[in-house]
Amino acid sequence: MELNHNRHSVGGSNFHLEFTPKYRVKVFRIEIVRKLTEALMRRKAHQLGVRIEAIEFGPDHVHIFVTECRKYSASYLANQLKGYSSWYIRKALPEYVQAYLWGDSFWSDGYFYESIGRVTADTVKYYIERQQGKHWTPAEITIPQSTLPPTQTTLDNFTHPNQTH
């Protein structure tokens, strides 16, 4: 992953975020809800000037790898992405999500976040995609296959190219 070069700084700020619908309902089994959620997350990220490098769904949650987010905290990004998508999904797809909603909320109140250091984008995409195998049966969804750099097989054995053991 490349460092961002700005006027007065050089660095990187990346997050792995995970959001769950209220009461962990399995609303993402519905393809149109997954597709709209992804499109909305990408649109809001673009508006904020951040990039979504990877986004993957389980039946009851979504993992998002966000990069170039030096201007924002994890809480601000979570608030923006969840708020925007919740409002729009409830307005655009009421016939699909109404049975899953309790009150006025689509997302649960909390979220998971993790700061991601200098790893390759392929590594994080691989990690997020691999995690989905735990949540879906083969009949529910096809997991995309990623390729890792030839020297790296898992996150556990990641080393920076300049690092020696």
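**Salt bridges in close-up**

The predicted model contains seven salt bridges, a salt bridge being a side-chain nitrogen of Lys or Arg within 4 Å of a carboxyl oxygen of Asp or Glu. In this predicted model, local features need pLDDT of at least 70 and side-chain atom pairs count only at pLDDT 80 or more, while totals for chains, interfaces and linings use all residues. Residues are numbered from 1 along each chain as its sequence is written, and side-chain values use heavy atoms, with hydrogens and water left out.

**View 1. Aspartate 60 and arginine 24 form a salt bridge.** Their closest N and O atoms are 3.1 Å apart. Aspartate 60 sits in the loop between strand S4 (51–58) and strand S5 (61–67), and arginine 24 in the loop between strand S3 (14–19) and helix H1 (31–48), so the pair links distant parts of the chain, 36 residues apart. Helices (H or I, at least four residues) and strands (E, at least two) are DSSP runs, numbered from the N terminus. Aspartate 60 is buried at 10% relative accessibility, whereas arginine 24 is partly exposed at 41%. Buried means under 20% relative accessible area, exposed over 50%, and partly exposed in between (1.4 Å probe, protein chains only).

**View 2. Aspartate 104 meets arginine 90 in a salt bridge.** The N to O distance is 2.8 Å. Aspartate 104 belongs to the loop between helix H3 (94–97) and strand S6 (112–116), and arginine 90 to helix H2 (residues 74–92); the pair therefore ties together parts 14 residues apart in sequence. Aspartate 104 is exposed, at 60% relative accessibility, but arginine 90 is buried, at 18%.

View 3. Between arginine 51 and glutamate 53 the N to O distance is 3.1 Å.
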